[in-house]
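Good morning, colleagues. Please have the sequence and the structure in view.

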Amino acid sequence: MATKSKVLFLCTGNSARSQIAEALLRNLAGDSFEVFSAGTDPTEVHPQTLAVLEKFGIPSTDLRSKNVSEFADQRFDYVISLCDKARLECRTYPSTGKKMDWHFEDPVQRRGPNPFEVTLNEISGRISMFVLIETKRKAPKVALDPTQFFKSLTDELRLRCLMLIQYEGELCVCEMMAALQDEQPKVSRHLALLRKNGLLVDRRQGQWVYYRINPDLPAWAKVVLAQTTENNVGFIEQSIHQLEAMGERPNRILQHCQSA
């Protein structure tokens, strides 16, 4: 078995950017890289760091904040700084095969909506390029056609379906009907199309079908859906109230929801 290349991500506090980078690279190419992160002045892993990783299905259970001195006697194939302060303080990090300097805005200080989601998306893009270049892997086939993705959002009913499922986590057809005050065949057709286009996945519980956002969507698509929903809750507010007025919600254990 080929030896894995060792990568160390550096930032000041080792609380957000470097932790996100560590989790992303390990998740994307853990078969090729042994990944670590550290800080020049470490604090604690920011709660929003763990929350955003969990939101996008990236394992984070082993993350902890560490001082760069913990790795003083180790050799790394790559040492990658993610902020200017770490770049300056670790300009001559010893035992380094390749030193790289990336820079991403601190999500804690970043203005605008969903700063941690935006930062994760930016780092994810850079790491994807890093893996392709440094492992000389072939670029993967596009798993999600962006044209098809955005076309899926152009129908108002489909968009409401996606936003409601993003908001609720998982819904079945009878819940969607109650929320949208629409007929089952029409709702089912739209859900089937979203599943066919890769935006939704379903699961069967007995004869019933439940829908959720596809956890294997690329990070950029997840960010689009999350930001669209979080910044436009008013668009689905009435549907949320209609869902709440449904009364007794389907019990996923008792399985008394209407079939799709």
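Leaving aside neighbours within four places in sequence, which residues is Phe130 in contact with? In this predicted model, the contacts of Phe130 are Val7, Leu25, Phe33, Tyr78, Ile80, Met100, Trp102 and Thr135.

Phe130 also belongs to the largest nonpolar core, a set of 32 residues. Phe130 is among the residues with the most contacts inside that core, together with Phe9, Leu25, Phe33, Ile80, Trp102 and Ile127. Several elements each supply at least two residues of this core: strands E1 (5-11), E2 (33-39) and E3 (76-81), and helices H1 (17-29), H2 (47-55), H4 (115-135) and H9. Another core lies apart from it, with 29 residues, including Leu144, Cys161, Ile165 and Ala179. In soluble globular proteins, nonpolar side chains tend to be buried together.

Ala179 brings us to helix H7. Helix H7 spans residues 173-180, and because seven of its eight residues are buried, the helix is largely enclosed by the rest of the structure. The buried residues are Val173, Cys174, Glu175, Met176, Ala178, Ala179 and Leu180; I would draw your attention to Glu175 in that list. What do the buried residues of H7 pack against? Their partners are H6, strand E5 (171-172), helix H8 (184-196), strand E7 (208-213) and helix H10 (237-244). Just after H7, Gln181 takes a positive phi of about 55°.

How many cavities of 30 Å³ or more does a search of the whole structure find? The search finds one, and the space in this largest cavity is about 40 Å³. Helix H6 (156-168) and helix H9 (219-230) are the elements that give two or more residues to its lining. The lining consists of Leu153, Leu159, Leu162, Met163, Gln166, Val224, Leu225, Thr228 and Thr229. Six of these residues are nonpolar and three are polar, with no charged residue.

Finally, some figures for the chain as a whole. The protein chain has ten helices and seven strands, and 47% of its 260 residues count as buried. Of the contacts with a separation of 6 or more, 69% join residues 24 or more positions apart.

As to confidence, the mean pLDDT is 84, and 88% of residues reach 70 or more. Over residues 253-260, however, the pLDDT is below 50, although this stretch has 26 contacts in the model beyond near neighbours in sequence.

Thank you for your attention.

Notes:
Residues numbered from 1 in each chain as written. Predicted model: local features only at pLDDT ≥ 70, side-chain atom pairs only at ≥ 80, totals over all residues. Heavy atoms only, no water. 1 Å grid on protein atoms, 1.4 Å probe; cavity = no way out; pocket = protein on both sides within 12 Å on 5 of 7 lines; lining within 4 Å. Points joined across faces, edges and corners; volume = space filled by probe spheres on them. Helix = DSSP H or I, 4+ residues; strand = E, 2+ residues; numbered from the N terminus. Nonpolar A, V, L, I, M, F, W, Y, C, P; charged D, E, K, R; others polar. Core = buried A, V, L, I, M, F, W, Y, C linked by side-chain atoms within 4.5 Å. Buried < 20%, exposed > 50% of the residue type's maximum accessible area, 1.4 Å probe, protein only. Contact = heavy atoms within 4.5 Å. pLDDT = per-residue confidence, 0-100.
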